[in-house]
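Subject: Structure handover

Hello,

Please find the structure below, followed by notes on what was found in it.

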Amino acid sequence: MHFRTKVWSLLFISGLLATSGIDAWPADLARAGEADVYVAVDGNDAWSGKLPEPNSDRTDGPVASFARALELVAAIRAAEPARNRPVVVRVRGGTYWLKEPIRITPEHSGTEASPTVLEAFPEECPILSGGRPIANWQVDDLGYWKAELPEVREGRWDFWQLFVNDKRRYVARLPHQGYYTIADQVPPSPQAEGKGFDRIRYSGDDVKATWHNLDDVMVMVFQQWSVAKMRIAQVDPTERLVTFKGHTGTTSWWAAFGKGHRYIVFNVAEALGTPGSWYLDRRTGVLTYVPVPGEEPASSVVVAPRLSELLLMEGSIPQQQWVQHVHVRGLTFAHTNWVLPPSGQFFPQAEVGLGAAIMAWGARHVLFDRCVVRHVGEYAMAFGLGCKHNRVENCEFVDLGGGGIKIGHAGRADWQQVATMPSHDEELVSHHVIRNCLIAHGGRLHPPAVGVWIGQSPFNRIEHNEICDFYYTGISVGWTWGYGRSEAHHNIIAYNHVHRIGQRVLSDMGGIYTLGIQPGTHVHNNVFHDIHCYQYGGWGLYTDEGSSQIVMEKNLVYRTSTGGFNQHYGRENHIRNNIFAFAEQHQISRARTEPHLSFSFQRNIVFWDNASPLFSGNWGDENFELDFNVYWNAGGHPIRFPGDLTLRDWKEKHGKDRHSVIADPLFVDPQSGDFRLREGSPALALGFEPFDFTKAGRLTPPVLTQNLPPVSRAFDTP
């Protein structure tokens, strides 16, 4: 089973590199010659690896494992330290069921003139899987498929995901669609008092103490912008009270299990029956799957994940020994595991403590090109301490249990560890490029995960990507709440297409979300649209706590549930030359007054057609600048300014928007998403600079996963 029909040809990619301005890498030159090492599913680690296929008498040929291939690379590097051409490992097509993660260490490193290259064999599709195919199915009287897994029964294997015929299937849950709601907020148990929340009160028979394997049931509680995934310790049916084995780790209001909050109960044996649902009995080791119409055991490929990581790049910061000049091309990474911890799991924001299928520490000048990461349990890729000057280009990250790419943290950790500042420059993560990638269909297990997350990391470029179908923020930049030290600065977020964000599942999010002081950070020429929150906070551009010295310009933002732009609090941000259209609740908002300039809002166009207000929040001081803007309500509703003022009174009493106008900006066809300006637009007279919003998104069509089947939704909108 192939995830894509073929990799791109060298000529096509050469043309792409030439037209997109992407530098050609020396490894491209390796394709014309023979590889140094070949890997194949029918290889043998006793062979030399110098032949692309077994010889006629099967005495030599490709190696079978990546561990052996890398041993040969290390030997070549040791024997030829002055080598001036690439060391190439070429991987034949087929599925490699990995028994352990691939580990690349400094001894495998290359140089600028001689990179180490791991690449797909031309026109073939190698799939590196962390899963295991399930066979030997028995069909019971109900038509359910059953397979015995001794490793599960013996406690040596656990999983919370299943993939059937290249599509994610979801563990049996209640309710079958939608959510239950908490009947009443209750205080924490004595064991959790002062530490976090660990109890909910349910309604009716939503939770039952008699459920099979009750301690294997997971309750996912939706808070504001986060969720808690908890194991049940006990159920009191008289009080309708559930106590969990762990707690949230904070007593802050936003982490509470409040009355009316939604929750879903997963891994309930009694919920089996919906086509596509499954249940793993960890005591007996029996996996039960309810097939969808048309599926047959003999012709279906069922994969359960085993490995949590597939590729690890492990440099050493103390010894300053780096994994460097390694290029990974045309490989597909699939089927990574996530297992609910014994005490549950809770991260305050962005599921940032999750691991990733591909993780790097101390990696420099690494390239991922034309790779696919899919069907994973956590994030797709993460760059941790000591990583610098790495590039991810022309890749696709789809069907993600968590998010897409993290820059600034790799590995698994609690949120306090993630927030730790780098102690010196060699630890600092910086200078990454994420370009021309599809990052889509995320949050399938962890809905607060984001498309691209940048923590305490400067000088990164996130450009020409399509990021879509997430339940929380599209791009998150910065990890300092307030005006303290921040290492997130000089980040460029440009020409991205971010859409279908939030989907009314979580609250308090943005197409782009920022935190902390960020001089040099520039957000420009992006398109953000269809951003919808659950209760509040579905914004396009969102400068949250302490966001300062950020420039956001030439962005198109439309169809947001709350507003086009919101600043919680910050300093001296410049919001200029943007188009904001069709927000539902309000258009522009400011949450906090402060004794300094909050932001400058100039040469923007604000356009809407409902009766919602133009401004929301706190505008009771004078510490903001608004001017040269065009405001227009296409529905004919009156436009009022803070204090319920007319534009004229607003100008005279407060000196704001002195040159702004209320006028039709003359878009070509805004209802269809065409926000080009017609001749005579009043915005042009005020200095608005037209920009080509069609350039946002990937530079190329989605050819890698063009045969991707429809991706299942994880959570239903209310």
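The protein chain exposes about 25900 Å², of which carbon and sulfur atoms supply 50%; accessible areas come from the Shrake-Rupley method with a 1.4 Å probe, and for residues only the protein chains shown count as cover. This is a predicted model, in which local features need pLDDT of at least 70 and side-chain atom pairs count only at pLDDT 80 or more, while totals for chains, interfaces and linings use all residues. Residues are numbered from 1 along each chain as its sequence is written, and side-chain values use heavy atoms, with hydrogens and water left out.

Overall form

The protein chain has six helices and 62 strands; these are DSSP runs numbered from the N terminus, with helices being H or I of at least four residues and strands being E of at least two. Its radius of gyration is 27 Å, close to the 27 Å that the globule rule gives for 718 residues, so the chain is as compact as a globular protein of that length. That radius is taken over C-alpha atoms, and the rule is 2.2 Å times the number of residues to the power 0.38. Along the principal axes, the C-alpha atoms fill a box of roughly 90 × 70 × 50 Å.

Of the 718 residues, 63% are buried (under 20% relative accessible area; exposed is over 50%, partly exposed in between, with a 1.4 Å probe and protein chains only). Among contacts (heavy atoms within 4.5 Å) between residues at least 6 apart in sequence, 78% join residues at least 24 apart.

There are 66 positive and 77 negative side chains, and the centres of the two sets lie 1 Å apart. Lys and Arg count as positive and Asp and Glu as negative, with His and the chain ends not counted; the place of a charge is NZ of Lys, CZ of Arg, CG of Asp or CD of Glu.

Cores

The largest nonpolar core has 176 residues, and Met313, Phe368 and Phe397 have the most contacts inside it. A nonpolar core is a set of buried Ala, Val, Leu, Ile, Met, Phe, Trp, Tyr and Cys residues joined through side-chain atoms within 4.5 Å. A second, separate core of 17 residues includes Ile605, Val630, Leu686 and Phe688.

Backbone points

Most residues other than glycine have a negative phi, and most peptide bonds are trans. The bond from Leu174 to Pro175 is cis, with omega near -10°, and Pro175 sits in the loop between β12 (173-174) and β13 (180-181). Asp469, in strand β39 (residues 466-470), has a positive phi near 60° and is buried at 2% relative accessible area. Glu572 also has a positive phi, of about 55°; this residue lies in the loop between β51 (570-571) and β52 (573-576) and is partly exposed at 32%.

Two buried residues

Glu553 belongs to strand β48 (residues 551-553) and is buried, with a relative accessible area of 14%. Not counting residues up to four places away in sequence, Glu553 touches residues including His522, His524 and Arg576. Ile317 is in the loop between β22 (311-314) and β23 (323-324) and is buried at 15%. Leaving aside neighbours within four places in sequence, the contacts of Ile317 include Trp322, Leu385 and His424.

Regards
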